[in-house]
Every structure is written in C-alpha cells, then in structure tokens.
Amino acid sequence: MMLSATLLLAFGMSMDAFAASIGKGATLHKPKFSEALRTGLIFGIIETLTPLIGWGLGMLASQFVLEWNHWIAFALLVFLGGRMVLEGCRGCSEDDTPLQRHGFWLLVTTAIATSLDAMAVGVGLAFLQVNIVTTALAIGCATFIMSTLGMMVGRFIGPLLGKRAEILGGVVLIGIGTQILWSHFAP
C-alpha cells in the first residue's frame with residue numbers, strides 16, 4: 001500500500017476516536033494536557049492493536065468477525081453513550097465536584113468500541129499484500145494525535161455546554177454506533 005493510502009486509512013480510522021474524545025473532553029472540568037495525552041495514548045494503543053488482531057482473525061476466521069463486529073461496536077457505543085446521557089440528565093447538585101479525569105477502564109472500553117472498525121479493516125488487510133505492522137502503527141499514531149486533539153477541543157466546548165456536554169457526548173457515541181450499524185446494512 002502506498003504511503004498516501006496508508007495515511008488516508010490511518011486518519012479515516014481515527015475519526016470515531018476523535019469524535020468520542022471531543023465528548024470525553026467536554027465532560028471533564030478543564031482537562032489538563034496530560035489528561036488529553038493519557039486519553040490519546042490509550043486510544044492510540046488500542047487502535048494500533050485492533051487491526052493486528054483483525055489481521056490475525058482474518059487469517060483464521062474472517063467471515064465470523066465481519067458478520068458480528070458491527071453489532072458489537074453498536075452495543076458497546078449505545079451502552080456507553082446511554083450511560084453518559086443518563087448521567088447528564090441527572091443534573092448537578094452542589095455536592096458534585098466536577099470530574100477531573102475519566103477512569104482507565106471507561107477509556108479502554110470506549111477505545112475498543114470505537115476501534116472495532118479498525119479490526120474489520122485488519123481482517124480485510126489480511127487478504128492484501130500490506131505490511132500490517134506499519135499500517136497498524138500509522139493508524140495508532142493518527143488516533144493518538146486525533147484523540148489528544150479531540151480532548152483539547154472538548155476542553156473548550158465543555159464550559160460552553162455545561163452539564164449538557166455529557167449528554168451531547170453520549171449522543172455522539174450513540175450516533176457513531178448507529179452509523180457503524182447503518183453503514184453495514186446500507187447498500
């Protein structure tokens with residue numbers, strides 16, 4: 001695969017993580033750059049590993065993976081998004097301290113949910129003559145950059161939206177999940 005095609009693929013695969021990171025950044029109270037880097041790193045590592053896993057699965061059982069990956073991504077994203085919407089609707093009492101950082105496992109789960117499309121791409125790449133390690137690293141680096149940037153964009157959007165930022169972030173995750181499912185069934 002040519003360098004330009006690899007870069008387009010890498011940044012295309014990072015767009016879900018970018019959108020999710022904006023939502024994550026918006027729900028935090030003035031997230032620090034270190035938190036954006038942490039989020040970018042988690043998303044980047046997961047997004048590097050999933051095409052490798054998909055490539056391995058493609059060598060073994062591509063039909064099963066392609067048949068179910070969109071349902072798994074949809075379910076995870078709707079669950080996480082729904083949880084964010086419910087938290088946002090609960091309202092904020094005076095005792096609530098603004099969230100300063102997201103939990104590690106919440107970020108890992110979100111990263112997995114947004115990277116299942118990269119796993120499916122990895123399955124497809126198993127049938128092409130590509131250097132999967134280089135391609136996976138390009139996808140991971142692009143995701144690291146875009147997720148870190150998304151958190152910082154969310155930092156500026158969050159104060160404008162207040163508690164509604166969490167609702168908006170949840171709606172974005174549900175939208176990403178719905179789009180994944182829709183694109184699988186659309187002609």
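Predicted model: local features only at pLDDT ≥ 70, side-chain atom pairs only at ≥ 80, totals over all residues.

Start with helix 4, which covers residues 104-125 and has 22 residues. From first C-alpha to last, helix 4 reaches 30 Å, close to the 32 Å expected at 1.5 Å a residue. Follow helix 4 along and you'll come to a bend of about 45° at Ser115.

Now for the pairs. Two packed helices are described by the angle between their axes and the distance between the axes. Take helix 2 (residues 15-27) and helix 4: they pack at about 150°, and their axes are 9 Å apart. Angles over 145 degrees count as roughly antiparallel, so helix 2 is roughly antiparallel to helix 4. Their crossing is right-handed. Which residues of helix 2 meet helix 4? They are Asp16, Ala17, Ala20 and Lys24, and on the helix 4 side you'll find Leu106, Leu107, Thr110, Thr114 and Asp117.

Next, find helix 1 (residues 3-13) and helix 5 (residues 132-161), which pack at about 45° with axes 8 Å apart. That angle makes helix 1 oblique to helix 5. This pair also has a right-handed crossing. Helix 1 brings Thr6, Leu9, Ala10, Phe11 and Met13 to the contact, while helix 5 brings Thr135, Ala138, Ile139, Ala142 and Met146. Here the classes come out as eight nonpolar, two polar and no charged residues.

Methods:
Residues numbered from 1 in each chain as written. Heavy atoms only, no water. Helix = DSSP H or I, 4+ residues; strand = E, 2+ residues; numbered from the N terminus. Expected span 1.5 Å × (residues − 1). Bend = angle between axes of the 7 residues up to and from the residue. Axes fitted to C-alpha atoms, helices over the stretch in contact; angles between N-to-C directions. Parallel < 35°, antiparallel > 145°, perpendicular 65-115°, else oblique. Left-handed = near helix turned anticlockwise from the far one by under 90°. Contact = heavy atoms within 4.5 Å. Nonpolar A, V, L, I, M, F, W, Y, C, P; charged D, E, K, R; others polar.
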